Amino acid sequence: MRPTSLLLAVVLGLGPVAGTPVLAQILAQTEGTDLAGATANASIAALTETMKIGPLFEVLGEEGIAYGKSLEEDMFPGSGGAQWTAAVAAIYDVPALRQRFETALSDQLASDPATITEIIAFFGSDLGQRILSLEIDARRAFLDDGVEEAAQVTADTMRAKGDPRIDLLTRLAEANDLIEMNVAGSLTGSLAFLQGMTREGLQGSDADENQMMSDVWGQEEQVRADTTTWLYSYLALAYQPLSDADLEAYIAFSQTPAGKKLNAALFSAFDVVFTQVSYDLGRAAIRAMQGSDI
């Protein structure tokens with residue numbers, strides 16, 4: 001499965017908080033409720049709106065449907081049928097996934113309103129909104145395997161020619177620990193998938209937790225290689241329209257306390273969401289393989 005982390009947006013300078021009208025509207029709707037709780041909820045709502053979490057999850061849902069089809073082809077070709085299609089659609093129900101994500105993000109950030117305000121200010125700028133749009137557009141474009149393959153060729157060519165842009169992309173990836181965090185998330189997801197299959201009733205299997213962990217961690221080297229290839233292809237495509245100065249600004253923001261807190265919170269929230277998704281897919285897959293109701 002593709003990495004799921006949302007790359008942080010970076011902007012030049014601080015300006016008016018873009019989410020303030022949203023915040024005021026939500027607070028007005030919560031008049032008479034607990035003020036601290038309402039303020040925290042409104043701050044997270046403003047943050048997720050500014051960060052385009054809705055459009056992002058629409059793309060992640062499309063990725064999930066495509067991934068479900070590839071699972072069927074690999075594990076039980078042609079036998080999943082309408083039940084498997086319905087099961088995958090339910091697992092990747094976008095409103096449910098987004099709600100789970102926003103709850104997890106709130107758990108990480110709601111108690112730090114100053115950081116939320118700073119993040120909204122960054123993401124709400126013209127450059128911040130442009131970066132977010134480029135990120136989402138690149139993920140949508142990668143739904144076409146041909147686009148992804150072309151982006152990989154571009155990244156490989158840049159590396160072979162010693163293009164200085166690769167150095168900037170490397171600094172960006174390192175500032176946000178994108179490779180290691182995505183590798184850890186992928187391995188966690190693989191383990192959850194196996195747990196879902198086993199606990200649902202994988203007949204004839206005596207695999208225990210330790211064996212499953214050993215099997216999953218045995219894939220670490222390949223997962224890291226695949227993640228690195230995907231990430232640089234994605235970064236090269238997504239940020240191609242940006243100047244070096246824009247990327248320098250992104251790196252600078254990523255190294256601030258607010259940038260680091262947001263990065264950690266995003267990975268944590270995505271882990272909550274997609275570990276459950278992987279577990280549910282494992283359960284549904286074994287049911288499909290056994291021919292039982294999904």
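Which residues of the largest nonpolar core touch the most other members?

Author: A quick note before the tour: this is a predicted model, where local features need pLDDT of at least 70 and side-chain atom pairs count only at pLDDT 80 or more, while totals for chains, interfaces and linings use all residues. Residues are numbered from 1 along each chain as its sequence is written, and side-chain values use heavy atoms, with hydrogens and water left out.

On to your core, meaning buried Ala, Val, Leu, Ile, Met, Phe, Trp, Tyr and Cys residues joined through side-chain atoms within 4.5 Å. Its 44 residues include L47, W84, F101 and L281, the ones touching the most other members. Several helices (DSSP runs of H or I, at least four residues, numbered from the N terminus) each supply at least two residues, among them helix 2 (35-50), helix 3 (53-75) and helix 5 (94-109). Helix 14 gives the most, with 14 residues.

Take L47: leaving aside residues up to four places away in sequence, L47 is in contact (heavy atoms within 4.5 Å) with L105, L109, I116, I119 and I120. There's also a second, separate core of 34 residues, which includes L187, W230, Y250 and I251.

Back in helix 2 you'll find A42. A42 counts as buried (under 20% relative accessible area, with a 1.4 Å probe and protein chains only) because its value is 0%. A42 and A110 sit 68 residues apart in sequence, yet 9.4 Å apart in space, C-alpha to C-alpha.

Technical notes: Buried means under 20% relative accessible area, exposed over 50%, partly exposed in between (1.4 Å probe, protein chains only).
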